[in-house]
Amino acid sequence: MMVNCCGLLTANKEPVPLKSVGVELEVRDHVATVVSTLNYENKEDKPLEAVFVFPLPGDAAVCHFSATIGQTQIVAEVKEKQEAREEYDDALSSGQQAFLLEESEQSPDIFSLSVGSLPPGESASIRLEYVTELAVQADDGLRFCLPAVLNPRYQPQGSGGSEGASVQVTSVPASLVPYSLSFSARVSSPRPVSKVESNCSLDPLQYLNPEQTQATVKLAAGHKFDRDVELLIYYKDAHQPTAVVEAGQASAKPGTLMGDPVVMLSLYPEFPQAVMSSVASCGEFVFLLDRSGSMDCPMDRSKRRETRIGSARDTLLLLLKSLPMGCYFNIYSFGSSFQHIFPKSVEYSQKTMEEALKTVEEMGADLGGTEILNPLKHIYSQPCIPNQPRQLFVFTDGEVGNTKEVISLVKKNSGSHRCFSFGIGEGASSALINGLAKEGGGHAQFITGTDRMQPKVMQSLRFALQPAVVDISVTWDLPKGVSVTVLSPPITALFQGQRSLIYAQLTGESSKAAEGCVTVKYSLAGHPSQNQLHFSLKPAEDTGLTVHRLAARTLIRSLEMEERERRGEQDKGVKKKVVEVSVQSGMSSVFTAFIAVNKGDGKAVQGPLVRRNVPTPRLMMMACSMQRMLCFDPDSLNAALSTSRAAAEPACKSKLKSGGSTAGLFSNLRKKLGALKNPHQMPPEPQDLLSSCNEDCTEPKQTPRDPLLQLVSLQKASGCWVLDPALAAALGKTRKKVEKRKPSSVNQEVWATILALIWLHGFKVDAQDEWQLLAMKAVSWLRAQNASCVTECVEAGNVLLGCNVKKDVLGL
C-alpha cells in the first residue's frame, strides 16, 4: 500500500488548504464536550478536494458536523455509510460542494474528513462536536487528551485492510504543519476545582465563582500543534458516587432512546479495609512487551536518552522484583514476530527471575512491525494454571492497525484473565489501550512526555494483586410505573477507588419528588458485599443531550462489538440496530457517516477536481522521519531499513558496548532525509544508509543507572538482600564500613535487608509507589527470620546511612 504524499504541496508550492484549528472544551464533572472548528481556504485556480485524516479520543463519539461556506451553513445528517458515500460522489460529479466525515473501520479513534469541490478562492469552516468521558488516572486526576499525533498504524501481513481513514495517513514534520491551534477549556463540577495541569504551557487558571467550582483555562500564546495536548483536571473529594438524570428530547418519540429520560451513574465502590490490606500471594503474571522499531523513540523530546524500550526494561525489573513468591510468570515480546522467555509460565524463584532479567536486559526495539494478535493468541492457547488467576500486562506505543480485531480477541478470552494496558509515548491509540483494559476487566494507563512509567505500572500491579471481585450484579429499585433498560454492558471488574459507569434508559411516568436506588452486589475474597446509591428522578438542568449522547455511544459500541463477534453469520439485525441508533441519536458509528451537500444556487463548480491529502503532524523520530520524508511504500522502507541495519551492525559491532542500540548509529540519516526536497525522490540505497551509519559509528556514552534501580536489581526473589560490595556501593558506602557497623549477633542477610529498607525510606520516599510492593516482600522475609535484634539493627543502620527512620515506619 503506497502512502499518498502528493498533497504535501499544492501545484503552486503553497501549503495545503487547512489553515487553522480552534478547539473549545467544556468539562462538566467527568464528561467532556469538545467543539473543533477547522478552517479551509482554496488558494488554487481549480476546485479542490481536501482529505484530512485525524485522531480523536478512542471513547469519543461525534454528535454534530456542519460546514459554513461564505454565509451559508450546511448541517450534516447521519446516514448509512454506503448511502452517504454515494451521495458524496454524486454531489461531486454534479459540481456541488460536499463534505463527508467517516470513522475508520479498523480503529474507532481515527476519522477521515473529505472536503469536496471547494471553488477557487473560497473558504470553508467545518464545525465538529464530540462527547467523551474522562478517565481517572493513578493520582485521581481526570485525563483529557486532544490528539495531535497520529502515528502510522501498522497493518499486519495478510490483514488486507479496507479503504478508509485508517490507510490514508499522510504525515509531515511538526515544524512544517501549516495550520495553527487555539484551545480553551471551561471546567465545572459540584466539587471545587483544585488544579489543572498540562504537558503544554497554560495561562493561569481563572476561577469564575467564589466556590471555585467553575474555572477556565487556555493554552499559552505561541503553542505549536506538534504534540498531543493533555489536560489533567483535579477536583477536591473526587471519589463521590453521583447520578445525573437527563430529560429526553422534546421532539423525539417517547419510548425511544432519545425520547425517554436517561440516567448516568458514576460508582466508586469502597472495599473493606481488612481485605484491601492483604496482597495476593498467587497468580500467573504474563508480560507482553512491544519491541517494534518505534519503541526506540524517546519518551520525551527534551530527554532523548530515555527511550520507550529503555523505560519498559526498567519497569520490568521493578515488576519482577515485586512479584510474590509462589506465583507464576512469563514474558513475551513482539514486533513482526513474537518471542517468549519460557515455553510456558514458570514458578517464580531466584533462578527463573535471574534468567528472565538477563533476557530483558538484552531486549531492544528490533522486531519490526507491531503485530500483537499472534502473541495474544499464543498466550490464550496456554492452559490456565489451577488456583493461579491469569493477569496480562500489555506495554505498547499502540501503532496497531487492526485495533478492533485485537480487542475482540481480548473480550472473547476475558473470562480467563484480567488485562492491564499501558500506552507509551505520544500517539498511542487510546482506542486500543482503553479497549484492552475495558474488555479485559483491567485498568488502562497512559505514559507520555516526562511521565515515569514505573509509578503507574506499579499501581496496576497493586490492582492485579487485589482479590478479584466476582459475582457482580446490579439491581434497580424504581417507583411503580417506571421501568429501566440498561444500555451499558455488564460490569466485569471493580477496583478500589476506580469509577464504574452505568447508562440506563428510564421509561414511564413518576412524580418529580420520586427517588430511585441502585444496588451493586459482589463477592470479594469470599465475603459478600454491596454498595448502594440513591438518586432523584428529577432531571438535571442545563445538561443539553450530553448524557443521551454518551449513552447512545455506549450502546453503539456494545452493538458493534456484538456484530464483530457474529461476523460471517447471516443475522443482519445487529448492524441494522447500530444504524438505527446512530441515525436516531445523530452519533457516529462504524456503519454510518456524516454527509453534508451544499445545493446552494444550483450552479455547478467549474473545472477539474484536484485531490489533496492534508498532513497530520507527527513527532520527529528516526524511523518515522524516513517514511514521512521519503513518501514511498512503508513496507519497502522497513525492508530498506532492515537491510541497512543488517549490513551496518557487523561493521559497528566492535564499537558498541553490550546492550547498546544500533538506533543511535542512524542520526546522520536524518540530515540526508531532511535534504530531500522532492516528495517523489526515491530513498537512498542500503549502501548509502550504511555510509550514514558508519559516519556516526562512535561508542555511545554509558548513562549511569538510576540509584533506586541499582538497589532494586540486587534484591533476591525471596525479598532479602545479600551483604556484598555491590550492595555497599548502591548504598554509597564501602563494604568495610557496612560490615563494621553490623551488630555482631545478626546475620548478614538480615543486616543487608534492613539497610536497604532504611535507604529506601530515607532517600527515596518520594518514589514509594515504585518500591512499596518489593519492600513489603522484604518485611515479610524479615519477619519469617524471627531476628531478635531488629531495633539494634535499625539504630545502627540509621547511623551508618545518616538517616532517622523509625522501626515502625519500616513495618517492623
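Leaving out its neighbours within four places in sequence, T352 is in contact with F329, F342, V346 and E347, where contact means heavy atoms within 4.5 Å. This is a predicted model, in which local features need pLDDT of at least 70, side-chain atom pairs count only at pLDDT 80 or more, and totals for chains, interfaces and linings use all residues. Numbering starts from 1 along each chain as its sequence is written, and side-chain values use heavy atoms, with hydrogens and water left out.

Let's stay with T352 for a moment. You'll find T352 in helix 4, residues 350-361; helices here are DSSP runs of H or I with at least four residues, strands are runs of E with at least two, and both are numbered from the N terminus. T352 has a relative accessible area of 12%, so it's buried. For that label the cut-off is under 20% relative accessible area, with exposed meaning over 50% and partly exposed in between, using a 1.4 Å probe and protein chains only. Go back eleven residues in sequence from T352 and you get to I341, with 9.9 Å between the two C-alpha atoms.

Now for a residue in a strand. S421 sits in strand 27, which runs over residues 417-424. Its relative accessibility is 0%, so S421 counts as buried. The side chain of S421 reaches the backbone oxygen of I433 at 2.6 Å. I433 also turns up among the residues that S421 touches, along with V394, L436, A437, H443, A444 and Q445, once residues up to four places away in sequence are set aside.

Next, a pair of helices. Helix 3 (residues 308-322) packs with helix 19 (residues 768-785) at an angle of about 30°, and their axes are 8 Å apart. The axes are lines fitted to C-alpha atoms over the stretch in contact, and the angle runs from 0 to 180 degrees between N-to-C directions. That makes helix 3 roughly parallel to helix 19, a label for angles under 35 degrees. On the helix 3 side, the contact is made by L318, L320, K321 and S322, and on the helix 19 side by E770, L773, L774 and K777. By type, the residues of this contact are four nonpolar, one polar and three charged.

Finally, step back to the whole protein chain. It has 20 helices and 36 strands. Of its 812 residues, 57% are buried. Among contacts in the protein chain with a separation of 6 or more, 75% are between residues 24 or more positions apart.

Methods
Parallel < 35°, antiparallel > 145°, perpendicular 65-115°, else oblique. Nonpolar A, V, L, I, M, F, W, Y, C, P; charged D, E, K, R; others polar. Polar contact = N/O pair within 3.5 Å; in protein donor to acceptor, adjacent residues only side chain to side chain.
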